[in-house]
Amino acid sequence: MYSYVARQPILNRQQRTVGYELLFRDGESNAFPLIEANKATCRLLVENYMAVGDNLATAGQRTFINFPHESLIRLLPLLLPKRRVVIEVLETCIPNDELFIAIKHLHRNGYVIALDDFEASAEWQRFLPYVHIIKLDLIKLGLEKSCAFVAENKHRKIKFLAEKVETHQDFQISLDAGFHFFQGYFFSKPELLKNRQIEPQKLTTVRLLQEICREPVNFKMVEQIIASDVSLSYLLLRYVNTATTRTVEPISSFKQALVYLGEDKVRMFVGVVATAHAALNKPKELYSMSLQRARMCEVLVANSNLKAKSEQAFLTGMFSLLDALLDSSLDQLLALLPLQDEVQTALLHHQGQLGQVLALLDAYEQADWSKVSVYCTELGIPETLVASSHQQALDWTNNYENLS
């Protein structure tokens, strides 16, 4: 399955690209489809900012994204990184109090605000102190009127963007008039880009993994993600209730699980749940192997003199098969996760202590006993611990592998 987006460059006065406007597309045809505006915005956000893998559309400079009225008052832009986007307030937005409150809130949170296809009116005046860029359509408004507006408003701390620049003459006149940015067919037509789209359940998995990799973990956000998915909620509670130390009453909520287990153990459980969620349509052996490697890494680190933390070791082992679970390259996936450098290096290059632990696991799984001996010596781990950690991992995994 693929997603589509078009992007058109935005240039400065030196004709250098400083950003791109993203334009929603739903197929190979490079034209806006018949789709409701809010739905188009939501799909554009999901498919271009929450998808797995490198995305040319959002790489590099800032991206300008159109937001209709409903999306703005729902504060959807807060889902996006403020240093990478410009929030375009569509000309169809109604300049009422609820929009004014939303724009002030976005401005206060550091987002760059642009008014799209702007036409001056009294209703919009109170918005201007919270606006960074005004876009003027040279065709719709007219070149002469657009230039006059810039001349009349040069005293404001606002940048002006000329869109629909069709000819060199348009560019030169708007340049002389004092426009700061330019966009139009004279420079480039929108370029259609095609990206492989991640499946919705895998998107949820990535969001969960992102949260449990943060220091500290935002458990309120984790709870919201889990609560939004019935299958995730069910999996988490089943996992928690299989804990070795049982409570008198079954755990029935995420908050209860957090209090009972503590943050470190909940982090582990959430990782297990996310892996199970990603493996729903995968061979059961892949899921089991992910859990085994996670637990084995944790046991090896916890029972040795290695400096790494056991929770880091657990994530390292689990993420070592993440590419197979999510059908994407490991370097692309890890770029989305706020992992510590030691874990990143271990997963990508098998370097550092955690990297050597992974290499030890690989050798053990391949029954390469000479390499097992070498890695044990380098890590200061007795070979008997490797065998016992493997058995512990098998026993531990048996408690979970039937729950997904």
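Select strand 4 (residues 85-89) and strand 5 (residues 112-115): the two pair in the parallel sense over four bridges. Two strands count as paired if DSSP finds at least two bridges between them. Helices (H or I, at least four residues) and strands (E, at least two) are DSSP runs, numbered from the N terminus. The model is predicted, so local features need pLDDT of at least 70 and side-chain atom pairs count only at pLDDT 80 or more, while totals for chains, interfaces and linings use all residues. Residues are numbered from 1 along each chain as its sequence is written, and side-chain values use heavy atoms, with hydrogens and water left out.

Keep strands 4 and 5 on screen and look across the pair. Val89 stands opposite Leu115 in strand 5, and the bridge partner of Glu88 in strand 5 is Ala114.

Now show the side chains of strand 4. Val85, Ile87 and Val89 point one way, Val86 and Glu88 point the other way, and all are buried. Buried means under 20% relative accessible area, exposed means over 50%, and partly exposed lies in between (1.4 Å probe, protein chains only). Five of the five residues of strand 4 are buried, so this strand is largely enclosed by the rest of the structure.

Do likewise for strand 5. Val112 and Ala114 point one way from the strand, Ile113 and Leu115 point the other way, and all are buried.

Strand 3 pairs with strand 4 in the parallel sense over five bridges. Select Thr63 to find one of the links: its bridge partner in strand 4 is Val85.

Strand 6 pairs with strand 5 in the parallel sense, over two bridges. Which residue of strand 6 is the bridge partner of Leu115? Select Ile134 to see that partner.

To finish this part, show helix 3 (residues 97-108) together with strands 4 and 5. Strand 4, helix 3 and strand 5 make a right-handed β-α-β unit. Right-handed here means that, with the strands pointing away from the viewer, the path from the first strand over the helix to the second runs clockwise.

**Helices 4 and 5**

Select helix 4 (residues 143-152) and helix 5 (residues 168-177). Their axes come within 9 Å and cross at roughly 20 degrees. That makes helix 4 roughly parallel to helix 5. The contact is made by Leu143, Cys147 and Val150 of helix 4 and by Asp170, Ile173, Ser174 and Ala177 of helix 5. Contact means heavy atoms within 4.5 Å. Axes are lines fitted to C-alpha atoms, for helices over the stretch in contact, and angles run from 0 to 180 degrees between N-to-C directions. Angles under 35 degrees count as roughly parallel, over 145 as roughly antiparallel, 65 to 115 as roughly perpendicular and the rest as oblique.

Helix 4 passes helix 5 in a right-handed crossing. A crossing is right-handed if the near helix is turned clockwise from the far one by less than a right angle, and left-handed if anticlockwise.

**Helices 11 and 12**

Move to helix 11 (residues 284-302) and helix 12 (residues 310-319). They pack at an angle of about 150 degrees, with their axes 7 Å apart. Helix 11 and helix 12 are therefore roughly antiparallel to each other. Their crossing is right-handed.

**Single residues**

Select Ser389, which lies in helix 18 (residues 383-398). Is Ser389 buried or exposed? At 0% relative accessibility, Ser389 counts as buried. Leaving aside its neighbours within four places in sequence, Ser389 is in contact with Met296, Val299 and Leu300.

Next, select Gln15, in the loop between strand 1 (2-11) and strand 2 (17-25). Its phi is near 60 degrees, a positive value in a residue other than glycine. Gln15 counts as partly exposed, at 42% relative accessibility.

His350 sits in the loop between helix 15 (341-349) and helix 16 (352-365). His350 is not a glycine, yet has a positive phi of about 55 degrees. With a relative accessible area of 32%, His350 is partly exposed.

**The whole chain**

Last, show everything. The protein has 18 helices and nine strands. Of its 404 residues, 51% count as buried. Among contacts between residues at least 6 apart in sequence, 61% join residues at least 24 apart.
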